[in-house]
Amino acid sequence: MSKAFTKETDSDADDDGADGASPPLPAGSKNYITPEGYARLRDELLQLMDEERPKIVETVHWAAKNGDRSENGDYLYGKKRLREIDRRIRFLTKRLEIAEITDPSVHHGRDQVFFGATVRYVDETGEERSVTILGIDEAESAKSQVSWISPIARALLKSREGDVVKLVTPGGAHEVEILSVSYPAPRPAAA
């Protein structure tokens, strides 16, 4: 059989998040995302398809013309990078297809916690924290952003300012009090 028809197994990561990019979606749930998060993913997809992939294809093509491919670093690295790019393109395409864009600014001025809220809360020890509840594909813990499926987000959702909610963690159940809830201001309509 030709090598062209064999499955490559350098890193058999699943396209649905097993490559470390994002966790898989819970069964039967929607892929909520803010308009900004959707735009970032779309921009990444277009950059991969229009800029990065063509450059790597050109490098691999050039390296293939240089003879023995078994010890050709440019060829081997290029093929590996091409597989990584193609895997990311498939992942992004799938996630964007099922994305449910939800604009958190529609809740501006409300005191109830919904998707897109920035919630300031205090735990039992008196430590104050603030988190923004976003989509799985856009939340960054380093920026105090949590996915809407995280334990803290699930505990906070649908509660209001002043409520005390139970947060269940592997270390046990804890109570947190919601101090404030805010949303981004609506953008003015384009002229």
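This is a predicted model: local features need pLDDT of at least 70, side-chain atom pairs count only at pLDDT 80 or more; totals for chains, interfaces and linings use all residues.
## Overall architecture

The secondary structure of the protein comprises 3 helices and 7 strands, and from the N terminus on these elements follow the order β-α-α-β-β-β-β-α-β-β. Among contacts with a separation of 6 or more, 59% are made by residues 24 or more positions apart.

## The surroundings of Tyr121

Tyr121 belongs to strand β3 (residues 118-123) and is buried, its relative accessible area being 6%. Leaving aside neighbours within four places in sequence, the contacts of Tyr121 include Ile152, Leu156, Val176 and Ile178, as well as the charged residues Glu127 and Arg129. Tyr121 and Val176 are 55 residues apart in sequence, yet their C-alpha atoms are 6.4 Å apart in space.

Glu127 and Arg129 are themselves joined by a salt bridge between their side chains (3.3 Å, N to O); Glu127 is partly exposed at 39% relative accessible area, and Arg129 is partly exposed at 41%.

## Salt bridges

The count of salt bridges comes to 13. In one of them, the side chains of Arg88 and Glu44 meet at 2.8 Å, N to O, and this pair links distant parts of the chain, with Arg88 in helix α2 (residues 73-97) and Glu44 in helix α1 (residues 35-64), 44 residues apart. Arg88 counts as buried because its relative accessibility of 18% is under 20%, whereas Glu44, at 28%, counts as partly exposed.

Salt bridges also link Glu52, Lys80, Arg81 and Glu84 in a network.

Conventions:
Residues are numbered from 1 along each chain as its sequence is written. Side-chain values use heavy atoms; hydrogens and water are left out. Helices (H or I, at least four residues) and strands (E, at least two) are DSSP runs, numbered from the N terminus. Buried means under 20% relative accessible area, exposed over 50%, partly exposed in between (1.4 Å probe, protein chains only). Contact means heavy atoms within 4.5 Å. A salt bridge is a side-chain nitrogen of Lys or Arg within 4 Å of a carboxyl oxygen of Asp or Glu.
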